[in-house]
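The sequence and the model are shown first, and the description follows.

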Amino acid sequence: MAFAESCNFEKLNNNNYKQWKFSIKMQLLNLGLIEFVNKQEPVLDAEATKADKQNFELRKAKALFTICLSIDENLKSIVYNIDSPVAALQEIENVFEPRSRARIGALRTKFLNILFLPSDTMSSYIGKISQAAKDLENAGKVIPDDEIAYQMLANLPRSYDNLVMQLYQLDDVNFTSLNIQKSLLAEYDRVTVREKSEARPKEPAVFSIESAVSRKKNSTKEFKERRKCFFCGTVGHIRKNCWKFKNANKMPTHQQRKPPTFKQDELSNPAVFYASAYCTQSMDIEFVIDSAATEHFVNDINLFTNFQKLSSSASMAEGTTNILGKGDVSLEIMDNSGKVSLLLKNVLYAPQMVRNLISLRKFDLAHYSILVKNFKMIIRTPRNRLFLTVPLIDKFYVIKANVIKMQNDSAAYISDKDGIELWHARFGHLNMQGIKDFSKSNNAYGLEHLKGNVILVV
């Protein structure tokens, strides 16, 4: 009865050896008998008294008694002829953990195929790898520490790719399973806290003080933002303030005025603005918009135009990456509003990078506005025109684009006399898409035949 009360774990059967092995050691530790199952069984001193000898034999028998009674009736034959606690545990281990090549092969396959499941935490994932390595060691196959570290990084989700690449750049001294474990646990905790913070609903203010004047201003502003133009259909202004309405009523149409005459020599051609023709393209290449990147990075040399070789390095969060060149990358992006073309200038070639990165800092320097809301990143031009909407995919804001290989060195050609910057200034710093829309409206001579995609340079 006393044993049944203290032995509150499941008896050894054909399916629970690992749990039973841990439970029986804890039970012996609780009873103060763990010394009798160590590899070297304790021995009494030659000067021990008769009472000490009797107590020693009694405790040894109690340890064997505890082990034998924690075994299922169908398996007790394993320890029938054993009179030592150490020998009993060794015999059970020989049955359930035999040392053979077949068992080592099975354990090694299990070790190499451990995955980070959706139900796993980082602690449980690391624990599975550590236990598999310990099982191999018990079977006679010791796994080197760096192999355990590699296995911890092998089957992580794609959201850990950047961290994995940084950890691969550690030197041999710091590339240990302990350091890898610390980094993975820290990253998992950081991501978990951020996800919980994003999922938490915003708490309403306890109280607010708002004057009647401020309430009236806010309501007026909200009303103006909801107004819709009856002429162009755009929300945010009315017809009398619509520049399209003003242009339609004041500017003569193409048929109402005489076309100007252009001098047709090689220095005075009409200004022509068009995108350079392209010859090849790479389909559905992923680019991540990264707020931490100070430059654009691409890991495939075949995506470049105007490529120049370099030999340098760039600092990352936990190491450096080699920079082997730089050049331009021309992208064609399918957005909800249609095709958007983007020319990335001075892109660094870093073959060790796992992902292609577009620097959010470059957009900010070009005076673009960025809004992150409802799992989307909305990018607007300096004139507050919608440029691009980027979805959140697997915890990253990812652009899927076709990479265009340009035949010429520049993205656009114009006449020698009139440059695109000059047309940009002539139209009151109108953005490139606005120039193209103006061309399509047939309201200006010399610009009505503009063709090709508008390419924005960042």
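## Basis and overall make-up

A contact is counted where heavy atoms lie within 4.5 Å. On that basis, residues 24 or more positions apart account for 61% of the contacts in the protein chain with a separation of 6 or more. The model is predicted, and local features need pLDDT of at least 70, side-chain atom pairs count only at pLDDT 80 or more, and totals for chains, interfaces and linings use all residues. Residues are numbered from 1 along each chain as its sequence is written, and side-chain values use heavy atoms, with hydrogens and water left out.

Helices (H or I, at least four residues) and strands (E, at least two) are taken as DSSP runs and numbered from the N terminus. The protein chain has 14 helices and 13 strands by this count. A residue is called buried under 20% relative accessible area, exposed over 50%, and partly exposed in between (1.4 Å probe, protein chains only). Of the 458 residues in the protein chain, 35% count as buried. Accessible areas come from the Shrake-Rupley method with a 1.4 Å probe, and for residues only the protein chains shown count as cover. The chain exposes about 29,100 Å², of which carbon and sulfur atoms supply 52%.

## Nonpolar cores

In soluble globular proteins, nonpolar side chains tend to be buried together. A nonpolar core is here a set of buried Ala, Val, Leu, Ile, Met, Phe, Trp, Tyr and Cys residues joined through side-chain atoms within 4.5 Å. The largest such core has 27 residues, and Phe287, Val329, Leu331 and Ile399 touch the most other members. Elements that give two or more residues to this core include strand 2 (278-290), strand 5 (319-335), strand 6 (338-349), helix 12 (360-365) and strand 11 (396-406). Strand 6 gives the most, with 5 residues.

Leaving aside residues up to four places away in sequence, Ile399 touches Ile285, Glu286, Phe287, Ile289, Ile333, Ile358, Leu388 and Val390. Another core lies apart from this one; it has 26 residues, among them Ile129, Ala132, Ala133 and Phe175.

## A strand hairpin

Two strands are said to pair if DSSP finds at least two bridges between them. Strand 9 and strand 10 run antiparallel and are joined by 5 bridges. Within this pairing, Ile378 stands opposite Thr389 in strand 10. The hairpin has 5 residues between the strands, and Asn384 takes a positive phi near 65 degrees.

## Salt bridges

A salt bridge is a side-chain nitrogen of Lys or Arg within 4 Å of a carboxyl oxygen of Asp or Glu. The count by this rule comes to 9. In one of these, Arg158 pairs with Glu286, the closest N and O atoms being 3.7 Å apart. Arg158 lies in the loop between helix 7 (145-154) and helix 8 (161-168) and Glu286 in strand 2, so the pair ties together parts that are 128 residues apart in sequence. Glu286 is partly exposed, with a relative accessible area of 28%.

Lys362 and Glu295 also form a salt bridge (3.2 Å, N to O). This pair links distant parts of the chain, with Lys362 in helix 12 and Glu295 in the loop between strand 2 and strand 3 (297-298), 67 residues apart. Arg190 is partly exposed at a relative accessible area of 43%, while Glu187 is buried at 18%.

## Other charged residues

Lys and Arg count as positive and Asp and Glu as negative; His and the chain ends are not counted. Arg355, in the loop between strand 6 and strand 7 (356-359), is buried yet has no salt bridge, and the nearest side chain of opposite charge, Glu286, is 4.1 Å away. Beyond residues up to four places away in sequence, Arg355 touches Arg158, Asp161, Asn162, Glu286, Val288, Asn299 and Phe396.

Asp335 belongs to strand 5 and is buried, with a relative accessible area of 11%. Its contacts, not counting residues up to four places away in sequence, are with Val340, Phe387, Leu388 and Thr389. Asp284, in strand 2, counts as exposed at 57% relative accessibility. With residues up to four places away in sequence again not counted, Asp284 touches Ala401 and Asn402.
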